[in-house]
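Biologist: Please show me the model. I want to know what each label on it rests on.

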Amino acid sequence: LSPELSQAMTNYATQMQMAQIAEQIQFVQVAVEEVRQGQEYDRLATAYSCQQKLIQAAAIQNPRLKEMALMQLVSDAENSRNLLMQSQSANAAFIKNQPESTWGKILSGATPEKMNELRESLCAVNIVSLAEAIAYQEMGETEAAKVSLEYYAKFIQRTYLETKGFVERLDMIDPSPENYWTQKLPEIENRILALPSDNPALRLEEQKDEPETL
């Protein structure tokens with residue numbers, strides 16, 4: 001074989017190996033993604049169930065039973081949103097560390113579908129945070145409601161807003177036509193921080209049409 005032909009065959013063999021490796025990596029990613037999505041669906045279901053639990057607890061006539069149901073809701077909601085927050089933090093860190101190379105983007109999987117999932121998860125955190133705050137308010141613990149919402153505001157600031165240019169990058173990746181990340185997140189944080197200490201004006205029913213905002 002001539003040196004040129006030998007080099008061409010070597011290059012071809014290398015490309016084939018790279019293609020096989022990429023295929024294997026993507027196959028593993030699909031398997032891992034299926035498990036991860038199943039876990040995320042469980043988190044979302046738990047969060048949405050807190051909304052329904054609040055509606056049902058509000059209909060209880062017995063004051064003692066109502067308070068017990070609200071206390072259980074507060075506990076469930078706090079556990080639920082912390083699981084969702086951990087998932088959000090991991091996904092946000094994944095996007096922040098996403099490589100800029102072509103091969104890196106292909107293998108990393110930061111797709112528009114992942115952005116839809118990230119947005120839905122954040123919406124669920126919003127709903128469950130509202131459910132927890134309203135449960136506190138129903139029990140007359142308005143200051144605890146405000147503390148709970150401030151915890152959520154700090155999460156938004158730490159995860160999304162403190163890294164310069166991150167929300168702009170999310171808007172570029174997100175297939176949604178509205179600039180959700182640059183417009184809604186600062187708005188949510190500002191509304192929470194503007195709540196008065198003695199009367200957080202919260203209404204769950206008003207959030208059903210626009211669950212992204214407070």
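Modeller: Start with contact: it means heavy atoms within 4.5 Å. Leaving aside neighbours within four places in sequence, Cys 50 is in contact with Leu 73, Asp 76, Ala 77, Ser 80, Val 128 and Ala 131. This is a predicted model, where local features need pLDDT of at least 70, side-chain atom pairs count only at pLDDT 80 or more, and totals for chains, interfaces and linings use all residues. Residues are numbered from 1 along each chain as its sequence is written, and side-chain values use heavy atoms, with hydrogens and water left out.

Biologist: What makes Cys 50 count as buried?

Modeller: Buried means under 20% relative accessible area, exposed means over 50%, and partly exposed is in between (1.4 Å probe, protein chains only). Cys 50 has 1% relative accessibility, so Cys 50 counts as buried. Cys 123, at 9%, is buried by that rule too. So is Gln 51, at 16%. Over the 214 residues of the chain, 37% count as buried.

Biologist: How many disulfides does the rule give?

Modeller: The rule asks for a pair of cysteine sulfur atoms within 2.5 Å. The count comes to zero disulfides.

Biologist: Where do Cys 50 and Gln 51 lie?

Modeller: Cys 50 is in helix H1 (residues 3–58). Gln 51 is placed in helix H1 as well. Helices are DSSP runs (H or I, at least four residues), as are strands (E, at least two), and the numbering goes from the N terminus. The chain has seven helices and zero strands. Its pattern along the sequence is α-α-α-α-α-α-α.

Biologist: Why is the pair of Tyr 160 and Phe 166 called stacked?

Modeller: Rings of Phe, Tyr and Trp (its six-membered ring) pair if their centres lie within 6.5 Å; planes under 30 degrees apart count as stacked, over 60 as edge-to-face and the rest as tilted. The count comes to five aromatic pairs. In the pair of Tyr 160 and Phe 166, the centres are 6.1 Å apart and the planes are at 15°, so the pair is stacked. Tyr 160 is buried, at 0% relative accessible area. Phe 166 is buried at 3%.

Biologist: Which residues do ring pairs link into a cluster?

Modeller: Tyr 152, Phe 155, Tyr 160, Phe 166, Tyr 180 and Trp 181.

Biologist: What makes the charged end of Lys 96 sit over the ring of Phe 166?

Modeller: The rule needs NZ of Lys or CZ of Arg within 6 Å of the ring centre and within 35 degrees of the ring normal. The charged end of Lys 96 sits over the ring of Phe 166, 5.0 Å from its centre.

Biologist: Why is the meeting of Glu 138 and Lys 66 called a salt bridge?

Modeller: A salt bridge is a side-chain nitrogen of Lys or Arg within 4 Å of a carboxyl oxygen of Asp or Glu. Glu 138 and Lys 66 meet at 3.7 Å, N to O, so the pair is a salt bridge. Glu 138 lies in helix H4 (residues 112–138) and Lys 66 in helix H2 (residues 63–96), so the pair ties together parts that are 72 residues apart in sequence. Glu 138 is partly exposed, at 43%. The count comes to seven salt bridges.

Biologist: What is the separation of Lys 146 and Glu 150 in helix H5?

Modeller: Four residues, about one turn of helix H5 (residues 142–161). Lys 146 is buried, at 8%, whereas Glu 150 is partly exposed, at 24%.

Biologist: And how do you know that Arg 191 and Glu 187 are partly exposed?

Modeller: Arg 191 has a relative accessible area of 41%, which puts it in the partly exposed class. Glu 187 counts as partly exposed at 25%. Salt bridges that share partners also join Glu 78, Arg 81 and Glu 132 into one network.
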